Amino acid sequence: MNSQKQDETGASAIATVQPSKGPLHSDHQDQLSTQSLEKDAAAAIVPDHAVLFDKAEEHRVQRKIDWFLIPAMWFGYGLVYYDKAILGSAVLFGMTKDLQLSVVDRSTTPPTTSTERLSWATSMFYFGMLAGLYPLTFLLQRFNIGRVLGGVVILWGLVAMLTAAVTSWQGLFAQRFFLGFVESIIPTGFMCIVSGYYTQEEQALRQSWWLSSTGAWTMIGGALNYGFAQITGGSLKRWQYIYLMAGALTVAFGCVCFWIPNSAVDAWFLTEHERVVAVERLRKGQTGVRCQVLKREQLREAVLDVKIWLVALMMAAAYTVNGAVSGFGPLIVSTFGYTTLESILLQFPLGALVFIFILLTGYLSSRIRNICLILLILCCFPVIAGCLMIWKSTWYHHAPTPVAGYTIIGFFGPVIFLIINIGMANVAGATKKSFTAAAIFVAYCVGNVS
């Protein structure tokens, strides 16, 4: 590559990194894909010394990245949450009876009903996630991220649609395992995408944007499920229609994933000059650009980093609450004396709380330095209070106290966001980022199963 002197205003900084074989998006891009196995691709488009750009120009590139990545990630992670939470509504729509998920023991007086099969159906999803996290994270690290995400997400959508064909609890167990396996690619993939495009100071706000979809999709999913509850005819059960729709939406999202670029180096939605600005922003923030080489020294550093394991431990502890709320939310509310439709509608306050406070804690984390741990501690108190309210209150017909307690348990949403932000914001290097993301979500699975 040839170099020229930067002018006094810095406006022609791109002139210092002109490639020798034409535009980056043609022949040189193909050359980069083969060279990435031997060296960082970023080194191919930026000089050895740092180049400073105007703040306004950096902000313009940042906003362009925001508008391309964040809406897709928000929609995709919302589908992940909705897909997990469907089971709670499907149970109210007759799945328990249709698939023999509950067993009545008539040898006791009065007869007792065991829902152990339903609990195992929920757990099988997270066992699948545990099995898929590291293999799929390796694929993301080693190969083109858009192609891997696109292929696996389409497979996820097809597996979700096949739920409608399940006729027994054993079949549901198998389906839930494979569903968790393929869905495991989304959380780690999105965490690595954010850490690969944004500086440390920018990551908290961006992580909060896509994670807030858990709250939004609690409400969106509730509205969709409420609509499906009105179905009284047709050849399928109401819960089967829900899974067919969720799977179709996921397949559509998988097609979009093929357009996600591998890194800021080859982001097709940026101009050649903007790609250089994007990479220089990351160099200045010391977060690094995604590289497809598996670096042993980074892997060793991650394994020996105590902070990563402490973050994973916090994640496992925090997610002991989520398994009940996301998997059995409507069913829990129905035990307070509410009908199926009322139980679905009462998910809306929980979703709104999660949505608002994830965004709020994300904003505060991006504006005030070293506040994440303080916010994390503060958000834990309402979760503890909510659990105590459900535990100690009287569960009479339409009792308000347990419903209020159930709602404020939604503060586990910002707790999870803050743990992810603490874990990912201080990690540099693509291999270490991938390992950290996978470790955090292994802990996420362990917490949900426990």
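Aspartate 305 counts as buried because its relative accessibility is 13%, where buried means under 20% relative accessible area, exposed over 50% and partly exposed in between (1.4 Å probe, protein chains only). The side chain of aspartate 305 meets that of lysine 307 in a salt bridge, at 3.4 Å from N to O; a salt bridge is a side-chain nitrogen of Lys or Arg within 4 Å of a carboxyl oxygen of Asp or Glu. Lysine 307, at 55% relative accessibility, counts as exposed.

The model is predicted: local features need pLDDT of at least 70, side-chain atom pairs count only at pLDDT 80 or more, and totals for chains, interfaces and linings use all residues. Residues are numbered from 1 along each chain as its sequence is written, and side-chain values use heavy atoms, with hydrogens and water left out.

The chain has 450 residues, of which 54% count as buried. It contains 19 helices and two strands, taken as DSSP runs (helices H or I, at least four residues; strands E, at least two) numbered from the N terminus.

Seven salt bridges are present in the structure. In one of them, glutamate 274 and arginine 60 pair through their side chains at 2.7 Å, N to O. Glutamate 274 belongs to helix α10 (residues 272-285) and arginine 60 to helix α2 (residues 55-98), so the pair ties together parts that are 214 residues apart in sequence. Glutamate 274 is buried, at 5% relative accessibility, whereas arginine 60 is partly exposed, at 43%. Arginine 63 forms a salt bridge with aspartate 66, with 3.0 Å between the closest N and O atoms. These two residues are three positions apart in helix α2 and are therefore separated by about one helical turn. Aspartate 66 is buried, with a relative accessible area of 4%, while arginine 63 is partly exposed at 31%.

Helix α3 (residues 116-142) packs against helix α5 (residues 169-183) at an angle of about 30°, with the axes 6 Å apart. Axes are lines fitted to C-alpha atoms, for helices over the stretch in contact, and angles run from 0 to 180 degrees between N-to-C directions. Residues of α3 including Trp120, Phe125 and Leu136 meet residues of α5 including Leu172, Phe177 and Val182, contact being heavy atoms within 4.5 Å.

Phenylalanine 381 is located in helix α16 (residues 372-392) and is exposed, at 51% relative accessibility.
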